[in-house]
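Reader: Hi! Could you walk me through this one? I'd like to start with how it is divided up.

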Amino acid sequence: MKVVLEHLTKKFPNRNKKIKEDVIAVNDFNFEIPDGKLIGLLGPSGCGKSTMLNLISGLETPTEGKIFFGEDDVTKLPPENRGIGLVFQNYALYPHLTVEKNIMFPLENLKGDKKLTKEEMKKKALETAKLVQIDAYMERKPAELSGGQQQRVAIARALVKLPKVLLLDEPLSNLDARLRLQTREEIRRIQRETKITTIFVTHDQEEAMSISDMIVVMKDGLFQQMGKPQEVYNEPVNLFVAKFLGTPPINVFKAKIKKEKLYIGEAEICDAKNLSDRDVFAGIRPEGVILNPKGRLTCKLDRVEVMGRDTSVVCTNDHATNDILRFIIPAENKIDEDDKTVSFDIKPSKLHVFDAKTEEVIKL
Amino acid sequence: MKKNNLKAWLYLLPAILFLGVFMVYPLIDVLVYSFEEGYNFASQEYFGTGIYNYSYVLHDTYFLQALKNTLILVIITVPLSTGIALLISLALNSIKPLKNFFQTVYFLPYVTNTLAVGLVFMVLFKKTAYSEGLINLLINALGFSSVDFIDGPYWAKMLVTCIYTIWIVMPFKILILTSALASVDEQYYKAAKVDGTSRGRIFFKITLPMISPMIFYLVITGFIGAFKAYSDEVALFGTDLNAAGMNTMVGYVYDMLYGDSGGYPSYASAAALILFSIVFTITIINLLISKNKVHY
């Protein structure tokens with residue numbers, strides 16, 4: 001089932017009653033999520049991701065705009081009639097019910113000709129539990145499970161009614177680092193097996209990049225960019241997206257275009273054909289440099305961190321907006337830590353230039 | 001290690017001292033009194049030991065009346081007050097405007113003096129030679145004759161006592177239940193909503209189990225409190241509860257000690273221990289039931 005959002009807007013009245021202006025949590029969103037894909041909805045805290053999820057699930061009604069599941073307009077439908085499964089951030093498993101009862105809970109709500117017998121419910125619950133590999137713990141209460149197992153139960157409960165769309169709210173935020181890696185693979189596997197269109201919300205770009213078919217980046221309720229993770233990473237449309245994606249983060253410099261050339265400080269970096277003179281930001285991905293003693297960009301060397309196959313060069317530059325810059329180079333490259341400065345050549349594909357005022361990308 | 005132990009005992013000493021003097025010793029003394037026959041308060045002498053005191057108390061018509069009154073009071077008021085408190089809490093929890101106002105209103109009886117409340121009930125229920133109580137005016141308006149709720153038939157007096165008791169214990173229960181309801185995580189309700197759960201099912205399958213520990217707590221303390229009823233009856237019917245036929249077990253114990261017919265600590269002790277054993281048994285039964293019914 002594809003999901004289409006048309007001019008979706010959600011405003012909340014301001015808490016401070018003196019301010020008449022509404023808070024706009026989601027601002028004029030348009031996009032189409034293809035059928036059967038895993039979509040990561042990505043943005044910093046408070047950017048309206050969860051509101052977005054609530055709108056799609058029907059827990060909130062939009063101020064303006066429409067939501068379509070396939071060809072059906074579901075904007076006015078209550079959550080239970082939309083055919084969605086929702087996994088909450090803290091799972092919201094009923095603590096007094098066993099795993100089996102928790103998974104069966106949505107089935108027991110069915111009425112009329114959809115009503116199932118007890119045996120059918122048990123069978124379905126077991127099937128779903130097997131899918132998420134929790135079937136060995138059917139008689140346990142949620143408190144007797146680990147965080148990762150609880151997460152699986154929550155997913156099973158969301159899946160048992162075979163929803164058209166599965167929504168996950170920060171699914172991994174309550175898990176420790178190891179479990180997070182494991183669980184995200186698990187979510188990927190379950191999504192592949194069920195082929196249910198899945199939207200998950202996260203503020204962790206690594207999480208979104210690693211398992212999503214596509215990511216949607218948002219900021220302050222506004223749509224920024226949508227695309228395959230690598231595409232968005234390689235071709236960010238503005239400075240925010242460039243900064244938000246990638247660990248370590250992109251290194252940003254205050255730069256200038258002068259006489260069709262790009263300068264960082266006095267250093268001439270590259271040509272900027274057919275571009276008028278202006279102030280810009282130049283972003284260089286950490287992996288976007290090649291060590292070269294005669295390179296064009298020179299920074300003050302702070303320290304060198306060797307981490308197995310990579311070497312992380314920590315340095316500073318007067319023109320950088322980051323306090324420290326971090327570049328990653330292959331470990332074969334030797335750097336003398338006693339050196340005061342370090343110089344690089346820059347890979348053109350890893351260099352992104354943004355207008356200083358609009359922060360939109362400028363193609364070189 | 002030894003030094004540490006000494007230190008620990010030193011820290012515990014004040015508590016042990018006070019608990020020992022004011023709790024443990026009197027408790028033991030009550031037990032001793034209850035087995036001393038023919039104890040004389042003035043000369044501090046007794047004839048022998050045995051279970052005569054218990055036998056006397058259990059054959060005393062006043063005691064049996066008090067026992068009956070107390071049991072009726074417990075059986076009627078505990079479930080009713082808990083049930084009504086739950087309904088009011090649910091209503092309070094679901095309204096938004098004036099929520100705080102209503103919460104305050106429902107909490108007022110808790111901070112009001114028992115005797116002042118007793119006065120209010122007099123105005124409501126008392127029928128005198130000169131005036132009818134407010135309730136009687138209502139009854140008259142409906143075309144029935146007046147009932148004397150304070151000096152009249154037994155059921156009328158019991159009715160007033162029950163209403164009074166329920167009204168008195170309600171605020172505390174509402175307070176506990178509204179906070180219990182408020183502490184149920186909103187996400188459970190959202191999850192239930194997404195799954196299309198009906199309101200009734202949400203209440204019985206989610207809300208009730210979630211607040212069951214609090215309900216259970218209220219039932220146990222409610223039982224204990226109702227068994228200890230005394231001041232409410234005094235507020236309504238005055239100190240001579242035996243004459244009114246509305247005495248309670250604690251009232252009987254008090255009368256045996258200090259009342260006009262008092263001065264019998266042995267009988268009082270025996271009655272107190274009978275009361276204790278009843279409360280103890282019921283609490284144990286409660287705990288056993290709750291093991292199966294109360295979740296987590």
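Author: Happy to. Domain bounds here come from an automatic or database domain assignment. For chain A that assignment gives domain 1 (3-244) and domain 2 (251-362). Keep in mind that this is a predicted model.

Reader: Thanks. How many Å apart do the C-alpha centres of domain 1 and domain 2 of chain A lie?

Author: They lie 38 Å apart.

Reader: And how many residues of each domain are in contact with the other?

Author: Seven residues of domain 1 of chain A touch eight residues of domain 2 of chain A. On the domain 1 side, the contacting residues divide into five nonpolar, one polar and one charged.

Reader: Let's zoom out for a second. What does the secondary structure of chain A come to?

Author: Chain A has eight helices and 21 strands. Its C-alpha atoms fill a box of roughly 75 × 50 × 40 Å along the principal axes.

Reader: What percentage of chain A is buried?

Author: Of the 364 residues in chain A, 39% are buried. As for contacts in chain A with a separation of 6 or more, 66% are between residues 24 or more positions apart.

Reader: On to the cores. Which residues have the most contacts inside the largest nonpolar core?

Author: Those are A:Leu41, A:Ala156, A:Leu167, A:Ile199 and A:Ala282, in a core of 123 residues. Helix α7 (residues 154-182) of chain B supplies the largest share of this core, nine residues.

Reader: Why does that core lie between domain 1 and domain 2 of chain A?

Author: Domain 1 (3-244) and domain 2 (251-362) of chain A both give residues to the core, so it lies between them.

Reader: Which residues does A:Ile199 touch?

Author: Leaving out residues up to four places away in sequence, A:Ile199 touches A:Ile33, A:Ile39, A:Leu41, A:Leu53, A:Ile56, A:Val165 and A:Leu167. There is also a second, separate core of 24 residues, and B:Val57, B:Tyr252, B:Ala271 and B:Leu275 are among them.

Reader: New topic: sheets. In what order do the six strands of the open sheet in chain A run?

Author: The order is β13-β12-β11-β14-β20-β21, with antiparallel pairing. At the edges stand β13 (267-271) and β21 of chain A; each has a single partner strand, so one side of each is left without a neighbour in the sheet.

Reader: How many bridges hold strands β14 and β20 of chain A as a pair?

Author: Five, with β14 (residues 278-284) and β20 (residues 351-355) of chain A running antiparallel. Within that pair, A:Val280 stands opposite A:Asp355, and A:Gly283 is opposite A:His352.

Reader: And the next step along, from β20 to β21 of chain A?

Author: That antiparallel pair is joined by two bridges, with β21 covering residues 361-362 of chain A. There, A:Phe354 faces A:Val361 in β21(A).

Reader: Which residue in the β20(A) and β21(A) hairpin takes a positive phi?

Author: A:Glu359, with phi near 65 degrees; the hairpin has five residues between the strands.

Reader: Last one, over in chain B: where does B:Ser290 lie?

Author: B:Ser290 is in helix α13 (residues 265-293) of chain B.

Reader: Why does B:Ser290 count as partly exposed?

Author: B:Ser290 has 17 C-beta neighbours inside 10 Å, and being buried would take 20 or more, while exposed means 12 or fewer. The C-alpha atom of B:Ser290 is 18 Å from that of B:Leu80, and these two residues are 210 residues apart along the chain.

Conventions: Residues are numbered from 1 along each chain as its sequence is written. Chains are lettered from A and ligands numbered from 1 in the order in which they are written. This is a predicted model: local features need pLDDT of at least 70, side-chain atom pairs count only at pLDDT 80 or more; totals for chains, interfaces and linings use all residues. A nonpolar core is a set of buried Ala, Val, Leu, Ile, Met, Phe, Trp, Tyr and Cys residues joined through C-beta atoms within 7 Å. Helices (H or I, at least four residues) and strands (E, at least two) are DSSP runs, numbered from the N terminus. Two residues are in contact if their C-beta atoms, placed from the backbone, lie within 7 Å. Two strands pair if DSSP finds at least two bridges between them. Ala, Val, Leu, Ile, Met, Phe, Trp, Tyr, Cys and Pro count as nonpolar, Asp, Glu, Lys and Arg as charged, and the others, Gly among them, as polar.
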